[in-house]
Amino acid sequence: MNRDPYSILGVSEGAGQDEIKKAYRKLAKKNHPDANPGDRSAEERFKEIQEAYDIVGDPGKRAKFDAAKKGGGAYFGEEGMPGGDFEGGFGGLGDILSGIFGGGFGGRARQTQPSVNISVPFATAARGGSVEAELDLPVDCPVCGGIGGTGRETCASCGGSGRVTSGHGLFSTTHPCQGCGGRGFTLSKRCASCGGSGRAGTHDRVAVSVPAGVEDGSVLRISTTGGTVQAMIRVVPDRFLRREGRDIHCDVRITAAQAALGTRVMIRTLDGKVRLKVPEGTQPGTVIRIRGRGAVQRGVQGDQLVHVIVGIPTGLSPEEKALWEQLKSTGR
Ligand SMILES: [Zn+2]
Ligand SMILES: [Zn+2]
């Protein structure tokens with residue numbers, strides 16, 4: 001799984017963008033699901049190629065990836081990013097790496113726990129879109145702007161460094177200044193709104209953009225005015241539809257007579273209801289594929305798979321019994 005995007009695309013690390021694009025096109029064409037119907041391994045390769053190109057096909061992401069790679073192998077491990085500096089310095093690189101090294105939209109490469117759950121409707125998760133989410137975030141106090149008060153003056157105890165040293169020579173220790181709490185300044189008037197903390201709890205309503213094909217349990221990083229939060233996606237189950245990757249599954253129940261003679265049924269899809277032809281002689285457990293009605297993942301649209309369930313009647317009336325007896329007598 002942990003393969004290098006360059007080796008996936010079969011190019012050298014010094015390859016130009018044109019060369020990468022060419023290699024990608026060639027491989028994508030060869031492994032495209034339409035060119036290899038039913039071939040799972042081609043589909044996997046196709047996905048891998050897409051993911052690799054997502055990174056090195058974009059000069060900005062590629063530069064970040066190259067920088068991370070030079071930084072050492074630690075970024076490829078199970079534990080993900082070592083420490084906060086990396087996150088801060090490179091921003092969204094966790095997303096890029098987790099995307100290609102198996103974490104889906106997040107999760108694996110994260111060390112921090114998601115702080116909020118975001119509920120996403122089934123169809124929005126499948127096709128992408130936007131949801132409104134209510135987030136509780138500690139933000140800068142609106143009254144003092146995060147400072148904690150007014151009348152700011154350089155701390156007399158530490159001279160503004162925020163640290164004081166006690167003891168001498170070998171035995172000296174440095175610790176945060178108690179006079180200013182390590183901030184290096186004091187305030188003559190404490191903010192009444194936040195009590196001097198500079199923080200305020202807030203209820204923020206944000207529009208979260210949901211990538212198409214997002215899975216239940218994925219972690220998204222959301223930037224708001226109050227900071228960045230890790231949000232866990234909870235996909236709301238649909239009453240009729242189930243999703244497996246980019247394919248949507250559903251069941252349809254027909255009678256034994258309909259299965260034998262063929263019928264038409266209405267099927268619920270992400271795009272509304274469609275009429276589906278069930279051919280004559282359909283066996284129980286048959287799966288009928290409706291192309292292009294699935295979810296979208298990494299730019300590829302899945303299908304809807306309709307599982308046919310054939311119901312055998314119970315509690316027959318005398319008339320019905322007579323009809324089934326007739327069928328029975330034919331031996332079919
Ligand atoms: Zn305040
Ligand atoms: Zn001080």
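**Entry 1: alanine 295**

I looked up alanine 295 and found it in the loop between β14 and β15 (296-297). The model I am reading is a predicted one. Is alanine 295 buried or exposed? I count it as buried, because 27 other C-beta atoms lie within 10 Å and the cut-off for buried is 20 or more.

Next I listed what alanine 295 touches, not counting residues up to four places away in sequence. The list holds Ala126, Arg127, Ala212, Gly213, Arg243, Arg246, Ile248 and Gly302. I also checked threonine 124, which is 171 residues apart from alanine 295 along the chain. The C-alpha atoms of these two residues are separated by 9.4 Å.

**Entry 2: the sheet with β14**

I then turned to β14 and its sheet. This is an open sheet of 4 strands, in the order β10-β11-β17-β14, and the pairing is mixed. The edges are β10 (242-244) and β14 (287-290). Each of them has a single partner strand, so one side of each is left without a neighbour in the sheet. On average, neighbouring strands here are turned by 35 degrees against each other, direction ignored.

Which strand is joined to β14 by 4 bridges? I found that it is β17 (residues 304-311), and the two run antiparallel. For one bridge I noted the residues: arginine 289 has leucine 305 in β17 as its partner.

**Entry 3: nonpolar cores**

I looked for the largest nonpolar core and found one of 19 residues. Val120, Ala125, Ala231 and Ile233 have the most contacts inside it. At least two residues each come from β1 (116-120), α7 (122-127), β7 (199-210), β8 (219-224) and β9 (227-235). The most come from β9, which gives 4 residues. As a general note, nonpolar side chains tend to be buried together in soluble globular proteins.

**Entry 4: the β4 and β5 hairpin**

Last, I looked at β4 (residues 163-166) and β5 (residues 173-176), which pair in the antiparallel sense over 4 bridges. Within this pair, threonine 165 has threonine 174 in β5 as its bridge partner. How many residues stand between β4 and β5 in the hairpin? I noted 6 residues. In the turn, glycine 167 has a positive phi of about 80 degrees.

Technical notes:
Residues are numbered from 1 along each chain as its sequence is written. Chains are lettered from A and ligands numbered from 1 in the order in which they are written. This is a predicted model: local features need pLDDT of at least 70, side-chain atom pairs count only at pLDDT 80 or more; totals for chains, interfaces and linings use all residues. Two strands pair if DSSP finds at least two bridges between them. Axes are lines fitted to C-alpha atoms, for helices over the stretch in contact, and angles run from 0 to 180 degrees between N-to-C directions. A nonpolar core is a set of buried Ala, Val, Leu, Ile, Met, Phe, Trp, Tyr and Cys residues joined through C-beta atoms within 7 Å. A residue is buried if 20 or more other C-beta atoms lie within 10 Å of its own, exposed if 12 or fewer, and partly exposed in between; C-beta atoms are placed from the backbone. Two residues are in contact if their C-beta atoms, placed from the backbone, lie within 7 Å.
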